[in-house]
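Please open the model in your viewer and keep the selection tool at hand. The stops below are meant to be visited one after another.

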Amino acid sequence: MKKGRSAGRVQSVATRMVVEREQEIEAFIPEEFWDVTAQFAAQNQKSRKMTCQAKLISLNGKKASIHNEKEALAAKQRILKGSFSIQSIKRGDKLKRPQPPFTTSSLQQEASRKLNFSTAKTMQVVQQLYEGIDLGKAGTVGLVTYIRTDSVRVAEEAMQAARGFITSQFGEDYCPEQPNQYKGRKNAQDAHEAIRPTYVEQTPESVKPYLTREQFSLYRLIYTRFLASQMKPAEFQTLGMDIASKTAGMRYYGEHMTFPGYRAVYVESTDDEPEEPESVLPVFEEGTPITFADVEAEQHFTQPPARYTEASLVKALEEKGIGRPSTYAPTITTIISRGYVSREKKRLYPTELGQMITSMMTEYFGPIVDIEFTASLEDKLDTVEEGSADWRQILRDFYPPFKDMLDVAEEQIEKVEVKDEVSDVQCDKCGAMMVYKMGRFGKFLACPNFPECRNAKPILHYIDASCPKCGARLMEKTSKKNRKFYGCEKYPECDFVSWEKPIAEKCPKCGSYMVEKPGKRGEIVHLCANETCRYKTAVTAQSSEDEE
């Protein structure tokens, strides 16, 4: 297909997972459904008026299942005309326990969610923290423990140091009577501890002057996760109410945090952002009449599975027992750099080359790119390492059927040529239309008449905004450290650059140019670039696919 292309055992399976996820998305048929919710007034413990929301759960004694607008409007009218009262109230308490300190995999996932780091970027920065940072008079100090681990074990000394620090900084109420212990995965290699700060006294703020922005962000993430892992759970009061009429049933559920526990330090991220707990809960008694107002019927469609991000692919590989902590970052980097998978807005898409190779490998080498085979081989390699299995016998069992597959493939597979995609850029040396090629540093434009014509060009990406300095077009560029930035096309005559993406909109407050930034909940924020203004003009939610 292509010269110089290869992929290892884990890389081949990772590519297959991305390809199969794309096939699931293409085959998915969305189904319409509607949610019906209603607002009602209540009082809280301080006798202040508050508004609560209940959701329709049943109609005529059966689970509410609304598939179109006509059914939704009928349900809405039934709620507005019905006579509702509280049938049952259930109050309770709930504990939310802290997560264990980081393993390599969980660090990569959380750094992707919270810091927008790629797996490769995470491993690059955390390697610097592990090798050591010059802390002035203290000398060079390794700030974190060994970074390639799948263990959640913590040394007794570190555990006691964390408990002492928690008691002194937050009080005894935040420190559990016994240290929190965590159970690792069944096949975890327990030679190394979890990733934690080497000294709990070295707080992120105390070492911040010696760290780069990226080092500080990642160290703070590791530090706060470790500290939180040794704190008490967060405590919540819960309230559930069933509100019913003769023909319809509604349900209210609310939570109120009564003690923050570990959340005073750290709140873990999830692929789906959880709803924030309410600050107060309503006060009601059974039998109380309820009048609903502002009944809303909202249309939805079932969504296909989300495309993988680097974080979710790492999570899937780990859950399936594929690969080791040290392999996740290079695995993803390799399948992207070799053109099997592309990354767009944090999502992973299979390329045409990746789809064709996966199809061919699945047909002719199915057992080799099988997920179960790859996971079971990890276990076999462990038994070899432990000395309980002979590596020679494993090879003897593997090779004969593999040789048969090779023979069939040699005989039946014809050479498949993947044609280069033609661009709309004309070669300024010979006049041919240039084509897209994949090189070590990504895509570039090359003349199709190579080697007679050796003309090549970088791919230029212009954005829909003008240079604030000279009015020329702005281009998306990549720094030597592979970080995206934006600069004027007339460089070096015009030296305008910005790490944040400028937009065409001007600030209505000061007239400066605006930039686009990701918000904390996956939204896009438009922000004034003027540091003394920083006026927000718009918040635009991303599509559902961009919110994993």
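Two residues are in contact when they have heavy atoms within 4.5 Å of each other. This is a predicted model, in which local features need pLDDT of at least 70 and side-chain atom pairs count only at pLDDT 80 or more, while totals for chains, interfaces and linings use all residues. Residues are numbered from 1 along each chain as its sequence is written, and side-chain values use heavy atoms, with hydrogens and water left out.

Select S245 to begin, which lies in the loop between β7 (234-244) and β8 (248-259); strands here are DSSP runs of E with at least two residues, helices are runs of H or I with at least four, and both are numbered from the N terminus. If neighbours within four places in sequence are set aside, S245 touches S83 and F84. S245 has a relative accessible area of 17% and is therefore buried (under 20% is buried, over 50% exposed, and partly exposed in between, with a 1.4 Å probe and protein chains only).

Next, show helix α5 (residues 156-170) together with helix α7 (residues 213-229), whose axes are 9 Å apart and meet at an angle of about 90°. The axes are lines fitted to C-alpha atoms over the stretch in contact, and angles run from 0 to 180 degrees between N-to-C directions. The two helices, α5 and α7, thus count as roughly perpendicular, the class for 65 to 115 degrees, whereas under 35 is roughly parallel, over 145 roughly antiparallel and the rest oblique. Where they meet, A158, A162, F165, I166 and F170 of α5 face Y223, F226 and L227 of α7.

Move on to the open sheet of 4 strands, ordered β17-β18-β19-β20 with antiparallel pairing; strands pair if DSSP finds at least two bridges between them. Because β17 (461-466) and β20 (497-498) each have a single partner strand, they stand at the edges, with one side left without a neighbour in the sheet. Between β17 and β18 (residues 473-478) there are 4 bridges, and I463 has L474 in β18 as its bridge partner.

Then select strands β21 (residues 501-506) and β22 (residues 513-518), an antiparallel pair joined over 4 bridges. Here K501 stands opposite E516 in β22. In this hairpin, with 6 residues between the strands, G511 has a positive phi near 85°.

Finish with the cysteines, for which the count is 0 disulfides, a disulfide being a pair of cysteine sulfur atoms within 2.5 Å. C488 is in no disulfide, and its nearest cysteine sulfur, that of C470, is 3.5 Å away. C488 is buried, at a relative accessible area of 1%.
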